[in-house]
Amino acid sequence: MGDSTATTVTLASMLSMIGEVFEAAIGWVSVVADTIMAHPLLLVGCVLGFIGVGVGLFRRMFRM
């Protein structure tokens, strides 16, 4: 069938890999947060998005 070498993944190695991914994601969030803190004008897009969601929810609520 081919090569008989098989890689085994233990629970400890799986948890280690998940931890590394989680640490990287937290690092990315901190970079984005630092960038937004340095340039508050970037929050305009987020605020407009939240306003649009709020308006849409109120419209749906009053249609019922």
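This is a predicted model: local features need pLDDT of at least 70, side-chain atom pairs count only at pLDDT 80 or more; totals for chains, interfaces and linings use all residues.
I went looking for aromatic pairs first, and the structure holds one. The partners are Phe58 and Phe62: their ring centres are 6.3 Å apart and their planes sit at 20°, so I wrote the pair down as stacked. The cut-off I needed here is that planes under 30 degrees apart count as stacked.

Where do Phe58 and Phe62 sit relative to each other in helix H2? They are four residues apart in that helix, which means about one helical turn separates them. Then I checked how open each one is. Phe58 comes out as partly exposed, with a relative accessible area of 49%. Phe62 has 65%, so I put it down as exposed. The line between those two labels is 50%, because exposed means over 50% relative accessible area.

**Overall build**

Next I stepped back to the whole protein. I counted two helices and zero strands in its secondary structure. I looked up the radius of gyration too: the protein has 22 Å, while a compact globule of 64 residues would have one near 11 Å. Along its principal axes, the C-alpha trace spans about 65 × 40 × 25 Å.

What share of the 64 residues counts as buried? I got 0%. To be buried, a residue has to be under 20% relative accessible area. The accessible surface of the protein is about 6100 Å², and 74% of that belongs to carbon and sulfur atoms.

**A nonpolar patch**

I then asked which residues make the nonpolar surface patch of about 640 Å². My list reads Leu41, Leu43, Val44, Val47, Leu48, Ile51 and Val55. Leu48 lies in helix H2, which runs over residues 43-63. Its relative accessibility is 54%, so Leu48 counts as exposed.

**Gly49**

Gly49 also has its place in helix H2. Is Gly49 exposed, partly exposed or buried? Its relative accessible area is 36%, so I noted it as partly exposed.

**Thr10**

My last stop was Thr10, which I found in the segment before helix H1 (11-38). Thr10 counts as partly exposed because its relative accessibility is 43%. From Thr10 I took another C-alpha distance, this time to Arg63: the two are 53 residues apart along the chain and separated by 54 Å.

How values were computed
Residues are numbered from 1 along each chain as its sequence is written. Side-chain values use heavy atoms; hydrogens and water are left out. Patches are made of residues with over 30% relative accessible area and no salt bridge: like charges are joined within 9 Å, nonpolar side chains (Val, Leu, Ile, Met, Phe, Trp, Tyr) within 5 Å. Accessible areas come from the Shrake-Rupley method with a 1.4 Å probe; for residues, only the protein chains shown count as cover. A salt bridge is a side-chain nitrogen of Lys or Arg within 4 Å of a carboxyl oxygen of Asp or Glu. Buried means under 20% relative accessible area, exposed over 50%, partly exposed in between (1.4 Å probe, protein chains only). The radius of gyration is taken over C-alpha atoms; the globule rule is 2.2 Å times the number of residues to the power 0.38. Rings of Phe, Tyr and Trp (its six-membered ring) pair if their centres lie within 6.5 Å; planes under 30 degrees apart count as stacked, over 60 as edge-to-face and the rest as tilted.
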